[in-house]
Amino acid sequence: MKIIKAENYNDMSEKAAQFIFERLIRGDVKVLGLATGGTPVGLYKRLIKHINDKNLSLSALHTVNLDEYVGLSDEDPNSYHQYMEDELFRPINIPRDQTHLPHGDTGDSEAECKRYERLIQDLGGIDLQLLGIGQNGHIGFNEPGSSFSGRTAVVDLAPSTIEANARYFTDKNKVPRKAITMGIGTIMESRSILLLASGKDKAEAVKKMIEGEITEQTPATVLQNHSDLTVIADKEALSQLTRDI
Ligand SMILES: O=P(O)(O)OC[C@H]1O[C@](O)(CO)[C@@H](O)[C@@H]1O
């Protein structure tokens with residue numbers, strides 16, 4: 001595991017944008033795994049600028065997102081489809097049939113999970129997967145207790161996750177209770193992983209992820225077993241580590 005310490009959120013975002021952009025330019029990343037949530041917003045802003053300033057062609061790139069809420073259509077303003085349109089896809093020139101997310105409203109989520117898992121395999125797997133981390137140590141929407149060998153599946157969201165994500169919804173009662181998420185087994189097969197964390201709210205989860213016992217009760221601890229994991233986190237998120245970075 002490589003840990004890169006950032007001064008603050010902006011510094012984390014710039015370091016992460018550089019990290020991804022360098023690998024895109026080198027052609028190392030043909031399939032890029034993307035994340036949603038508050039954490040990567042600053043990274044996406046900067047990545048857009050790097051891509052557009054350098055006129056980098058993304059014509060061969062495929063992206064696969066970690067998750068989507070069950071019950072929301074692709075057009076729903078709270079869907080992760082719309083988040084990705086707003087935060088990354090619209091401002092860059094990427095073929096839309098190469099940006100992939102699970103669909104939340106197919107009416108047959110089990111079949112959708114199978115389709116999405118197969119798609120990832122058909123693309124040849126993920127070269128670089130971007131992750132955030134939940135305060136309870138979740139990755140994607142894999143909540144505490146999720147199997148380390150899980151594949152893309154429908155999951156129930158933890159009450160704390162519903163609470164944390166309510167800030168994006170006008171009505172807290174409208175936060176979906178279920179999501180489709182890439183499984184931990186699927187995520188762990190990514191050839192490289194980049195995890196971002198910012199702020200003291202994430203410090204306990206980050207400490208467990210880096211120094212804690214590997215347990216399904218804290219999903220992110222499985223990342224200790226990954227052979228190519230980079231963590232870019234700011235000082236506050238790293239503040240509970242017992243060792244100095
Ligand atoms: O970046 P945030 O908003 O703190 O969210 C952390 C994690 O929680 C999720 O948003 C899911 O609740 C993940 O997608 C994200 O990685």
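Which residues does the UniProt annotation "domain: Glucosamine/galactosamine-6-phosphate isomerase" cover? According to that record, an unreviewed entry, the domain covers residues 15–228; UniProt positions are given in the numbering used here, feature names are shortened, and annotations may be inferred rather than shown by experiment.

Before I go on, please keep in mind that this is a predicted model, in which local features need pLDDT of at least 70 and side-chain atom pairs count only at pLDDT 80 or more, while totals for chains, interfaces and linings use all residues. Residues are numbered from 1 along each chain as its sequence is written.

The chain has seven helices and ten strands, where helices (H or I, at least four residues) and strands (E, at least two) are DSSP runs numbered from the N terminus. Over residues 15–228 the composition is 33% helix and 14% strand, with the end C-alpha atoms 17 Å apart.

Turning to the ligand, the residues around it are Ala35, Thr36, Gly37, Gly38, Thr39, Gly132, Ile133, Gly134, Phe141, Thr161 and Asn165, each with its C-beta atom, placed from the backbone, within 6 Å of the molecule.

Let me finish with alanine 197, which lies in strand 9, residues 192–197. Alanine 197 is buried because 25 other C-beta atoms lie within 10 Å, the cut-offs being 20 or more for buried, 12 or fewer for exposed, and partly exposed in between. Setting aside neighbours within four places in sequence, alanine 197 is in contact (C-beta atoms, placed from the backbone, within 7 Å) with Thr39, Ile133, Lys202, Val206, Ala233 and Ala237; among these, Thr39 and Ile133 also belong to the residues around the ligand.

Terms used:
Contact = placed C-beta atoms within 7 Å.
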